[in-house]
Amino acid sequence: MSGLWISKELAEGIRRHGAETYPHECCGALLGRDSSIAQGHDAEGKAAKREVLRLYPLVNRRDDSPRNRFEVTPRDVMDAEKAAGAQGLEIVGWYHSHPDHPARPSEYDRDHAWPWYSYVIVSVMNGTPQEMTSWRLGDDRQEFSAEPMEVRQGAAV
Amino acid sequence: MAVRVIIPTPLRVFAGKKDSAEVPAETVGEALGQLTAQYGDLRKHLYTEDGKLRSFVNVYVNDEDIRYLDKEKTPTKDGDVVSIIPSIAGGR
């Protein structure tokens with residue numbers, strides 16, 4: 001699978017959000033472009049390219065259990081979609097943090113995941129953001145595959 | 001009764017990259033049934049193994065959440081728009 005491209009700046013933005021909301025989980029949308037759904041793109045034989053070009057930080061709606069759960073409501077999704085559309089972008093995935101827990105998707109993550117989206121998880125240990133990884137749900141929903149994250153110095157738009 | 005079903009981005013790859021489909025239907029349940037009959041790979045992402053709509057799959061008829069109408073029995077008429085909107089959830 002080809003990787004998820006993100007600038008160093010935006011990767012830092014995700015880590016910063018995770019540090020800000022610690023010990024609660026943070027969440028947000030990843031806005032960008034994916035060649036597999038771009039209009040007029042012929043992806044035959046070519047690996048799809050996916051880039052994150054903006055973050056859309058959100059409020060974790062699980063205020064009943066924010067230390068280990070996050071939720072983005074359909075209204076939030078629609079707001080993120082509108083913001084993406086206004087900038088000629090798409091939602092390509094979502095990010096959230098795991099306070100004091102590794103950056104690996106849980107059973108709960110898998111149970112609630114959508115295919116196609118990139119799920120970026122940042123581990124925040126004692127308030128300090130550490131490992132950050134990206135995951136894609138398999139088409140059969142059985143498991144996530146690790147998606148390589150390519151962190152670049154500057155964003156190429 | 002032709003109803004337009006809006007397919008959310010994460011499911012478009014399973015529906016020939018289409019962002020919507022026109023299907024004959026008199027209820028929401030029928031519209032989703034027609035959609036999944038046409039695009040079988042959608043089924044497991046919309047429904048659990050016991051045939052219930054997954055909790056993070058939200059369905060609207062013309063901007064009204066079917067949970068506040070008659071769920072999948074909600075009637076649809078010609079020209080109605082059925083939207084499938086994700087919720088996103090997870091956690092450690």
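This is a predicted model: local features need pLDDT of at least 70, side-chain atom pairs count only at pLDDT 80 or more; totals for chains, interfaces and linings use all residues.
S3(B) and S4(B) form a hairpin in which two residues lie between the strands, and B:Asn62, in the turn, has a positive phi of about 50°.

Strand S3 of chain B, which spans residues 57–61, is largely enclosed by the rest of the structure, because five of its five residues are buried. The side chains of this strand are divided between two directions, with B:Val57, B:Val59 and B:Val61 pointing one way and B:Asn58 and B:Tyr60 pointing the other way, and all of them are buried.

These pairings belong to an open sheet of five strands in chain B, whose order is S2-S1-S5-S3-S4 and whose pairing is mixed. Strand S2 (20–24) and S4 of chain B are the edge strands, each of which pairs on one side only. The parallel sense is represented by strand S1 (residues 2–6) of chain B and S5(B), which pair over three bridges; in S5(B), B:Val81 is the bridge partner of B:Arg4. Helix H2 (residues 74–86) of chain A packs on this sheet, where it touches S3 and S5 of chain B, and its direction makes about 95° with that of S5(B). Helix H2 (residues 28–38) of chain B likewise packs on the sheet, touching S1, S2, S3 and S5 of chain B, with a direction that makes about 115° with that of S2(B).

The contact between the chains takes 28 residues from chain A and 17 residues from chain B. On the side of chain B that touches chain A, at least two residues are supplied by each of helix H1 (9–12), helix H3 (43–46), strand S5 (81–86) and strand S6 (88–90) of chain B. By class, this side of chain B has seven nonpolar, six polar and four charged residues.

How values were computed:
Residues are numbered from 1 along each chain as its sequence is written. Chains are lettered from A and ligands numbered from 1 in the order in which they are written. Two residues are in contact if their C-beta atoms, placed from the backbone, lie within 7 Å. Helices (H or I, at least four residues) and strands (E, at least two) are DSSP runs, numbered from the N terminus. Ala, Val, Leu, Ile, Met, Phe, Trp, Tyr, Cys and Pro count as nonpolar, Asp, Glu, Lys and Arg as charged, and the others, Gly among them, as polar. A residue is buried if 20 or more other C-beta atoms lie within 10 Å of its own, exposed if 12 or fewer, and partly exposed in between; C-beta atoms are placed from the backbone. Two strands pair if DSSP finds at least two bridges between them. Axes are lines fitted to C-alpha atoms, for helices over the stretch in contact, and angles run from 0 to 180 degrees between N-to-C directions.
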